[in-house]
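I am opening my notebook on aromatic rings and their neighbours. My entries follow in the order I looked things up.

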Amino acid sequence: SIAKDVDVFREIMIAQLLKDLSVNIQLQNCLKIIGYLRRTDKFTETELRIKFLTSRDQWLSSMIKEIPANNPLIHITKVIETNRVNLFDIITQYRAIFADTDQIVPQHYTYYGLTTQSTGGSGGRDFTDGAIINSWVLFKVNQFLDTLRADVKRCVNNEFGHYYPIESIVEPVFYFGLSMSRIGADFRPQLIPIINDAIADRFARVVAESTH
C-alpha cells in the first residue's frame, strides 16, 4: 500500500540522515539534519540528543581506530591531537543544536552508564538533558585515559628494544586537558599519576638493567 511504502521510505531516509551524522560534518549541516529528524517525529528530544552523540562518537572512534598503533609514542600523540580538536567541535555542535539543556528528561534511558528516570518514578533520580552530554564527555575522557595508560606503558616496557621519550607527550596531553577546561572537563589532575608512574617504572627498569 501507499502508506506502507511511505513508512519504508521514511525509515530509509532516517537511517541515511543518521549515517550522515557519522561523517566529518560541519555545524550548519548538523543543524539541517537534526531539523529534518525533528520533523519526522520519530524521536523525542532526548532520543535526538542520544542519536546525535552516538553518531558523532562513531565518527570520532573510527578516526582513532585508523591511527597506526605500531609505535606507541606516535599513536598516543595523534590520539591526543585527534581527540583535542574533535571532542571540542562535537561538544560545540551539541550545545549549538540543543541549547535548552535544563529540561528534565521525561523518559527512562541509560546512556554511557548514565540512567535518566522520569520525575514520576518512585525513588528515582531526576537528570537534566545536560547530563547526557556530561556523561558522554566523561565516557570519552575515561576512554582516552585508558588509551594513554596503555600507550605509556608500552613506551616504557622496552618491548621494542628501547624506551620511548614519554616526556615529549607531557606538553600536548596537558594542553588537551587544559582545552577541555573550557567546557568544564579539565582532567589534568588525572594525568599526573599516569605520567609519574610511567617515569618511575622506566627509571626502575633502567636501574635494574644496569645492575645485571
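I began with a charge over a ring: the charged end of Arg182 sits over the ring of Phe88, 4.1 Å from its centre. This label requires NZ of Lys or CZ of Arg within 6 Å of the ring centre and within 35 degrees of the ring normal.

I noted that this is a predicted model, where local features need pLDDT of at least 70, side-chain atom pairs count only at pLDDT 80 or more, and totals for chains, interfaces and linings use all residues. Residues are numbered from 1 along each chain as its sequence is written, and side-chain values use heavy atoms, with hydrogens and water left out.

Next I looked up ring pairs. Rings of Phe, Tyr and Trp (its six-membered ring) pair if their centres lie within 6.5 Å; planes under 30 degrees apart are stacked, over 60 edge-to-face, and the rest tilted. By this rule I have six aromatic pairs. One of them is Phe52 with Phe98, edge-to-face, at 5.9 Å centre to centre and 75° between the planes. This pair links distant parts of the chain, 46 residues apart: Phe52 is in helix α3 (residues 45-65), and Phe98 is in the loop between α4 (72-97) and β1 (109-111). Helices (H or I, at least four residues) and strands (E, at least two) are DSSP runs, numbered from the N terminus.

Is Phe98 buried or exposed? Phe98 is buried, because its relative accessible area is 0%; buried means under 20%, exposed over 50%, partly exposed in between (1.4 Å probe, protein chains only).

Tyr94 and Phe98 form a tilted pair, 5.0 Å centre to centre with 50° between the planes. I recorded that ring pairs link Phe52, Tyr94 and Phe98 into a cluster.
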